[in-house]
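Hello,

Please find the structure below, with its sequence. My notes on it follow.

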Amino acid sequence: MPTVAASDPRATLRGGLPDRYLTPDDIADMFGVPLETVYQWRRKRTGPPGFRIGKHLRYDPADVRAYVIQRKSVGQGAA
């Protein structure tokens, strides 16, 4: 089972912080959206905050977790 958790970005968010920054592909897999949606979120500043390392876009898992918690609390307030 540990190999499944290591290959599933959603499992890393549930089980604790991974020891690496997440890629746009990880974010798309995590949220079940097309990769282009992740880039649109970035352009519109509506998705989880990312940062650049050279030409590479990365996401801090702690920031992604905070984004999800914030979105869930907004959703509960509207219901």
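Isoleucine 27 sits in helix H3. Please keep in mind that the model is a predicted one.

Isoleucine 27 has a relative accessible area of 0%, so this residue is buried. The buried residues of H3 are Pro24, Asp26, Ile27, Ala28 and Met30. Just after H3 comes glycine 32, with a positive phi of about 65°.

Next, helix H4. This helix covers residues 35-44, and Thr37, Val38 and Trp41 in it are buried. Viewed down the axis of H4, the buried residues fall within an arc of 105°, so they line one face of the helix. What do the buried residues of H4 pack against? Their partner is helix H3, residues 24-31. Just after H4, arginine 45 has a positive phi of about 60°.

Now the two helices together. Two packed helices are described by the angle between their axes and the distance between the axes. The axes of H3 and H4 come within 8 Å and cross at roughly 105°. Angles of 65 to 115 degrees count as roughly perpendicular, and H3 and H4 are therefore roughly perpendicular to each other. On the H3 side, the contact is made by Pro24, Asp25, Ile27, Ala28 and Phe31; on the H4 side, by Leu35, Val38, Tyr39 and Trp41. Sorted by type, the residues of this contact are 8 nonpolar, no polar and 1 charged.

One of the H4 residues in that contact is Tyr39. Is tyrosine 39 buried or partly exposed? Its relative accessible area is 30%, so tyrosine 39 is partly exposed. Not counting residues up to four places away in sequence, tyrosine 39 touches Pro24 and Leu57. Tyrosine 39 and leucine 57 are 18 residues apart along the chain, and their C-alpha atoms are separated by 9.7 Å.

Last, the aromatic rings. How many aromatic pairs does a search of the whole structure find? The search finds 3. One of them joins tyrosine 21 and phenylalanine 51 edge-to-face, at 5.1 Å centre to centre and with 85° between the planes. This pair links distant parts of the chain, 30 residues apart: tyrosine 21 is in the loop between helix H2 (9-15) and H3, and phenylalanine 51 is in strand S1 (residues 51-53). Tyrosine 21 is partly exposed at 44% relative accessibility, and phenylalanine 51 is partly exposed with a relative accessible area of 26%.

Phenylalanine 31 and tryptophan 41 also form an edge-to-face pair, with 5.8 Å centre to centre and 80° between the planes. Phenylalanine 31 belongs to helix H3 and tryptophan 41 to helix H4, so the pair ties together parts that are 10 residues apart in sequence. Phenylalanine 31 is partly exposed, its relative accessible area being 30%. Ring pairs also link Phe31, Trp41 and Tyr67 into a cluster.

Regards

Methods: Residues are numbered from 1 along each chain as its sequence is written. This is a predicted model: local features need pLDDT of at least 70, side-chain atom pairs count only at pLDDT 80 or more; totals for chains, interfaces and linings use all residues. Side-chain values use heavy atoms; hydrogens and water are left out. Buried means under 20% relative accessible area, exposed over 50%, partly exposed in between (1.4 Å probe, protein chains only). Helices (H or I, at least four residues) and strands (E, at least two) are DSSP runs, numbered from the N terminus. The arc is that of the directions from the helix axis to the C-beta atoms. Contact means heavy atoms within 4.5 Å. Axes are lines fitted to C-alpha atoms, for helices over the stretch in contact, and angles run from 0 to 180 degrees between N-to-C directions. Angles under 35 degrees count as roughly parallel, over 145 as roughly antiparallel, 65 to 115 as roughly perpendicular and the rest as oblique. Ala, Val, Leu, Ile, Met, Phe, Trp, Tyr, Cys and Pro count as nonpolar, Asp, Glu, Lys and Arg as charged, and the others, Gly among them, as polar. Rings of Phe, Tyr and Trp (its six-membered ring) pair if their centres lie within 6.5 Å; planes under 30 degrees apart count as stacked, over 60 as edge-to-face and the rest as tilted.
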